[in-house]
Amino acid sequence: MSTTKTEKIQRLAELTAQQETTTGASLWREAFRRLKSSKMAIIGACIIGVFVILAVIGPWIAPHSPTTQAWRGRSW
């Protein structure tokens, strides 16, 4: 049984090596190709992108610190 398992592992390694050499695509290109085909992955990437943009422009949106509030000086 161990020879059969070893043969299967070797065959899988050979097929993996053949597939990598025949496609010629890099790891990143293959990952982006798979992501483009998934609608949920695109939506998730857009949501993460919005959060990153908001984190970068956050200081311009709310320039005042939330911990330094002066409530006593205001007259309602």
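**Salt bridges**

I started with a pair of side chains: Glu-14 and Arg-11 meet in a salt bridge, N to O at 3.7 Å. My criterion for a salt bridge is a side-chain nitrogen of Lys or Arg within 4 Å of a carboxyl oxygen of Asp or Glu. Before going on, I note that this is a predicted model, where local features need pLDDT of at least 70, side-chain atom pairs count only at pLDDT 80 or more, and totals for chains, interfaces and linings use all residues. I also note that residues are numbered from 1 along each chain as its sequence is written, and that side-chain values use heavy atoms, with hydrogens and water left out.

Side chains of opposite charge can pair when their charged atoms come close.

I then checked exposure, calling a residue buried under 20% relative accessible area, exposed over 50%, and partly exposed in between (1.4 Å probe, protein chains only). Glu-14 is partly exposed at 44%, and Arg-11 is partly exposed at 44%.

Next I looked up Glu-30, which forms a salt bridge with Arg-33, with the closest N and O atoms 2.5 Å apart. Both lie in helix α2 (residues 27-36), 3 residues apart, about one turn of the helix. Glu-30 has a relative accessible area of 25%, which makes it partly exposed, and Arg-33 is partly exposed at 46%.

Glu-30 also meets Arg-34 in a salt bridge, N to O at 3.6 Å. Arg-34 and Glu-30 are 4 residues apart in helix α2, again about one helical turn. Arg-34 is exposed, at 57%. How many salt bridges does the whole structure hold? My search found 3.

**Overall picture**

I counted 3 helices and 0 strands, running α-α-α from the N terminus. Buried residues make up 0% of the 76 residues. The protein exposes about 7700 Å², with carbon and sulfur atoms supplying 66% of it; the areas come from the Shrake-Rupley method with a 1.4 Å probe, and for residues only the protein chains shown count as cover.

**Confidence and helix α3**

The average pLDDT (the predictor's confidence in each residue, from 0 to 100) is 82, and 83% of the residues score at least 70. Which element has the lowest mean pLDDT, and which the highest? That is α1 at 76, and helix α3 (residues 39-61) at 94. Where pLDDT is low, the predicted coordinates should not be read in detail.

Finally, I noted that α3 bends by about 40 degrees at Ala-55, and that a proline, Pro-59, follows within four residues. The bend is the angle between axes fitted to the seven residues ending at a residue and the seven starting there.

Notes: Helices (H or I, at least four residues) and strands (E, at least two) are DSSP runs, numbered from the N terminus.
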